[in-house]
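Biologist: I'd like to learn how to read a few features of a model. Could you walk me through them?

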Amino acid sequence: MMPHRSFVALSRRQMLAIAGAGAFAVSTRSLSATTAFPVPVVDRLSLQVLVDSATFGSFLDDLNLPGMRVLRARGGKPLNAPRMPPHALLGEFGLSILGESQIAASTRRVLVDFGYSREALANNMQLLGIDANAIDAAVLSHGHLDHYGGFPALAQRRRRRIPLIAGDEEAFCERMAMTGTPPPVMGMLDRAALSRAGFDVMLRTAPTVVADHAFTTGLIPLSSSERAAIPTRMRPGIGCDRAGLNPAKRAAKEIPDDGEHELATCYVVKDLGLVVIASCSHRGVINSVRRAQAVSNVSKVHAVLGGFHLVRPRTEAEARETVAMFQQLDPAYIVPMHCTGEVFITEALRVMPQKIVRPYVGSKFVFAAGE
Ligand SMILES: [Fe+2]
């Protein structure tokens, strides 16, 4: 089935107005059903992995699949250098993806998350030949170190300020990682450093068009059996302004994370359908996809990429249940990254191997009908 709608011809001014206003929310903090809004439809999209846990040399073949090409070797660059470079792409527990899209003659680049360390992001951007000045906008999926930690890598490299879309004030609260005794402080996102690095933060709880081509889901309701089980706690008032938080959280000294502010970043690709970047899926990957379908009014899901966080505190049973829900959803492709976990990957490869594609740092996923 095709997307419900073809391209909605909004002008650049209209698109910017949408991005600036964060329009089309039912209310500023609504998690209930949202009225669909006119999302852009891109002719072509490539998503390149800048930071993830796994790397590979230049020995994997490219894949030419229906509706998706996967360029492995140095992100699609020709392998015609006289010798292998002495520096290698770096993997780490973090995620960063660069989207490059086209609508007719316009090209936009959106950076989704920044990985864990500035060293990995800077190294990989340099080796992959990515110009930080060509990035039009960024999205921070949520306020965890493994998604924002690398942003200083862009500070010295950019000549212009760009918008950074985040879901809510709680992205800035200090986090505790519930992985030891005592729980280690995970840190907080430095708002002043973000500004010095050239980012203008825009908090958008509602679905929002990003750089004319992409859109964020806004806050994600828990609409499936997936629960928001997150291995962190947050500290209202430390790093974040209590007044900007959900009123139910403002007075607390420390509370379990519920991922309320997390966003997914999405595209609609002409004649293919939705491509959803779920980043860490603390609200549930299926919930994230359902939200993308609802706000775009596009039911066909072509590909879902990202971390699905099907490791503790989620259980192996939940990982298998998510596989079953993906079978019902029936996307053409699933690219499990980052925090997804081995149980999901093993089970998904067993029951729907044709849909699963493994990502590596530098891999470029290209979506274009008929290409
Ligand atoms: Fe993560």
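Predicted model: local features only at pLDDT ≥ 70, side-chain atom pairs only at ≥ 80, totals over all residues.

Biologist: At what angle do helices α6 and α7 pack?

Modeller: Two packed helices are described by the angle between their axes and the distance between the axes. Here α6 (residues 316-329) and α7 (residues 342-351) pack at about 40°, axes 9 Å apart. Helices are DSSP runs of H or I, at least four residues, and strands are runs of E, at least two. Axes are lines fitted to C-alpha atoms, for helices over the stretch in contact, and angles run from 0 to 180 degrees between N-to-C directions. The contact (heavy atoms within 4.5 Å) includes Phe326 of α6 and Phe344 of α7.

Biologist: And what is the strand order in the open sheet of six strands?

Modeller: Strands of a sheet pair through backbone hydrogen bonds, either parallel or antiparallel. The order is β11-β12-β15-β16-β17-β18, with mixed pairing; two strands pair if DSSP finds at least two bridges between them. β11 and β18 stand at the edges, each with a single partner strand, so one side of each lacks a neighbour in the sheet.

Biologist: Which cysteines form a disulfide?

Modeller: Cys173 and Cys240 do, with sulfur atoms 2.1 Å apart; the cut-off is within 2.5 Å. Cys339 is in no disulfide, and the nearest cysteine sulfur, that of Cys280, is 3.2 Å away.

How values were computed
Residues numbered from 1 in each chain as written. Heavy atoms only, no water.
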